[in-house]
Amino acid sequence: MLDAASPHQTAGLLDLVLAGCVLVGVVVSLFGRSRRAQAMAFLCLGVFMTFVWMRLGSVDVALAEAGIGTGLLSALLVHVAAGERAGRRGGSVDDSTTRDDRVMRAGRDARGSGIPRGDRGGRGDHGGRGDPGGRTARAGRAVTGLLAGGVVAVTAVSVWTGARHRLPGWEGEVGERLPGGVSHEVTGVLLDFRAYDTLLESAVLMVAGFVVLALGRDGAPATGPAFGGGGSATASWLVRLCAPVLLVLGAWLLFAGSSSPGGAFQSGAVLAGLLILLRIAGVRTGRFDAAWLRPLLVLGVVVFALAAALGPLAGGAWLSWGPGWAFAAILTVETCLTVGIAAGLYLLYLGLANPVTARSDR
Amino acid sequence: MSAAETAMGGAVLLPLLAAALLALLPAARRRAVGCGAAVATAGLVLLTVREVSAGRTVEVALGGHRAPLGIALYADGLSALFLAMTAVVGLVVCGYAALVPASTGMRAVAVRDRARATAAAVGRGNPAAGPASRRVRRVRIAPRVPSVRIPEWRGGSGVPGESGEPGGRVRWTASNPGFWPLWLACWAGLNAVFVSGDLFNTYVGLELVGLSAVGLVALGGRGAWEAALRYLFIAVAGSILFLIAAGLIVAATGTLDLRLAAEVVAADQRTHGTALLALVLLTLGLCLKLALMPLHAWLVPAHAGSPSAVSPLMSALVIKASLFVLLRCWIWLVGSGFGDTIGPAAQVAGTDQAAATWLGWVLGALGTLALLAGGLLALRQTRLKPLIAYSTVAQVGYWFLLFPILVDPASATLEDRAVTTLAEASVVPAAIGGAVALALGHGLAKAALFLAAGFLKDRYGTDEIEALHGAGRRHPALVMAIGLATVGLVGLPLSLGFAGKWQLATAAVASGHYWMLAVLVAATLLTAAYLLKVLAALLMDADDSISDLVAAPRGADGGAGGGAGGAADGTAGEGANSGADDGTDGADVATADDAVPAAAQLAPLALGVLTVLTGLAGVWTADLLEVGAPW
Amino acid sequence: MTVLDLYLLLGAGIALAGLMRLLLVSDRFARLIAMNVLGVGSLALLLALAARSAPVDPVLSALVITGLVITVAFTGVGAVLIRRIEGEERGGEP
């Protein structure tokens, strides 16, 4: 049903329905009344976007979206959204109410623990926004924003529909120049032609892990029990049952990436999801986290950077894979990347626990 | 690959590898390895710069794949200048951070056993830590900084002394070893942006810089988290706008490579509309990241709230990455194709490329606004670090004065008057050279200022100007550093700032934009005003003898290292702190003197001296800019 | 209109909505979501461009995957910061 569309066929009912669903998802996630609504709507938006990617013909991107873009991202967002205190007014985006809320709460807390008077105003003041209050200011900003947005949109559309589209200059080259052993083009691009981008991008994920570590306690994220407790016994049992399946799936995605859709990112996402599910099911991962997380986080970038240096040693440019050992290099790098990505995504999830109060389960 | 080509790639890969490895090392060893990696990276940058200054651009086709399929690294004069500045400032700041670990930020340390710790503290005669006291721990930094909105730390659930609450305790102590991997990753990202020859690569490099910068800002402790979050949103918004622009360029020209795309734009008239839209989008995105007024609100809390070693990096280096990309796109990518509108041969456009002219004028107007309003806002500040941050907001305006000249280099109504010695074809290059020289000078001087301010803040616990009266007497080297930095920022002769302003002013006159002279003069006066205000406060004692300047008492919880005595170089303290999990709180009353050694003043002083010395290199800078230039 | 135009417009619209919301709203979480919507919109633009060639262009697909992962990294850091800030605001309660 969701075949890839030929780009120049007329948009049919399927496309219009899909576009409609996406728009609804966008509207609800942007304008939802509570954080939970927004997070859920974003999750649904991600699912619809997966269909859109399939419709546009790219299974790799659809897999990546389902795994990382929707799956893991929504795990993080739902965690944050669900972490609202029950008494809080659902995280509404209305400025004045949340600010008053916080001032009142800060006042209560302040009285309760004896913070001297001077701090109370300060505490209520630095709420989650940076703008001075006032309905007029807000209305003014909204109008300006809408106007500016409208202008940009009109310009963009007019230029776009009139623009002469030129097909990319690398058309056809990709298939011809794939390294031996790799027959899937996207993998070839990610790990051979544009490997430098992939290296820097893994570094970005690694840096995200670094930030979480730096913000944690004793340079590590707090490894307390998952939010909400250990989870029900049924969920726990189910997760433990599925864990080996997920592991095999992750490994398969990795190795299948060289000849069919799949690859390091999708595989890493599945493995990270596996780790998160294990935590939610109450499995004690504390010691594993403490000992292994940091080395695994940096493994991808280290191996990739060292492999990049193999090129100059063999006399070529940086990041060149010699003809004989290209596939071995690519596979090694990809495996380590998978591990690094899984560790990085898992670490982001761990970082959501508050290091102040979470207890260590080492 | 030649040595320079290897060095160019190595300048990105080495700091990245070092950052990854640093994360595995224990905190105590990170300083040494970090500094070693910094020196090595600077060496690689030196090799690249030397090659470029010999007149040759350095290019590498990564993986042996030529564009458009592969990625090319490309270093020309502009890259070399920014690479060099990053290396110099980065090295000095690494040295400062190694000498003064407290400047790298705050970290949370677990307190395992509260009762035992409290007893120990009481035993050591710390009156504030008795179990009966409700105000147990005071925030370690700045006991009296009213505008830092950190409430007094209560620990856990806010009621001390209760057992059975769900968590352990943390206390906040200075010195965060997470600084080193984050900074080296940031440096790798900066180098990646400066040597990148591919649009998408530039995007990824900008994101690497952005994320590590957000992390660095967040090291500043609880007061800085809000600012870091805001910076995160701005950074992503700007980068995604750039990504959309790159997508438009691919749609129109069929390639992501910078030079190939420029060729297509130059050759094919029909791509101009899309290229222009891409230019508008990426300008908007990069101006967000550059904090051009009125989009500047995020910068001051972020730069002022960062730790002492991070603020110089943010103001001097991270901002320059966005400036570099902006220059690249305007002059290299689009400029060669829009010969009628941008560049030496531009006339006032009556074609559909008028949008580019409009955009250039808008940027110039906003730059003027930034210079004047930013300067005025800086004058009104009462605290040192926000003042310097507003100064950055103001100085950004200088670089945007380039754009009216770029789009309109011959708006003179006095056409035949030979008011300058600039030939017609060199008006635009002079303007570009001026803007770049101003940016480089700003980097050096601003880093010196922020390091000096950080030193004072770490030493005395406050950066209120009123409270720092007379500090200059005890730290003559520091005052010297601030004075030299003032010379650089104000643009007095023999500094890169002066060379830049001179070139810009000459170009402005030669192209008939006389209003720019007035703006430059006004901005210079404002800069002098707020910087001299700082110097005057530091040099003159307070009017009343009550507010004597005392070293920050650091509270009962000990100094930067937390270990006994707080050794001058902090190594012992570092080791003790990271190793000891139990009650080293309530320890040592290490005074700020030990935590912030006087030798640390060498760092801002070195940068100040360099600000002035590089003024001698004005000609070399202009020559270097010619390498690989499209004019 | 063709499929290509539809998704191009969709992507542009989503990106614009996300950007406007990001710049205008004040609640942290809403900004985080808006940031992600902006990212999704920009990726939709890129992939629609990739779909001009049949089969879908591998280079642009790879770029979309890269952009996806980077956005997730930023969102993760943003989520962690939001948790910390709100943990602080509540006086350290979970």
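Residues 59–82 of chain C are 100% helix and 0% strand, with end C-alpha atoms 35 Å apart; helices (H or I, at least four residues) and strands (E, at least two) are DSSP runs, numbered from the N terminus. The model is predicted: local features need pLDDT of at least 70 and side-chain atom pairs count only at pLDDT 80 or more, while totals for chains, interfaces and linings use all residues. Residues are numbered from 1 along each chain as its sequence is written, and chains are lettered from A and ligands numbered from 1 in the order in which they are written.

**Annotated segments of chain C**
- The unreviewed UniProt entry annotates residues 6–25, 32–53 and 59–82 of chain C as "transmembrane region"; positions follow the numbering used here, feature names are shortened, and annotations may be inferred rather than shown by experiment.
- Residues 6–25 of chain C are 95% helix and 0% strand, and their end C-alpha atoms are 28 Å apart.

**Contact between chains C and A**
- Chain C gives 66 residues to the contact and chain A gives 83, where two residues are in contact if their C-beta atoms, placed from the backbone, lie within 7 Å.
- On the chain C side, the elements giving two or more residues are α1 (3–24), α2 (28–50) and α3 (58–89).
- The largest share of that side, 22 residues, comes from α3(C).

**Domains of chain A**
- Chain A is assigned domain 1 (1–93) and domain 2 (181–362); these bounds come from an automatic or database domain assignment.
- In chain A, 13 residues of domain 1 are in contact with 16 residues of domain 2.
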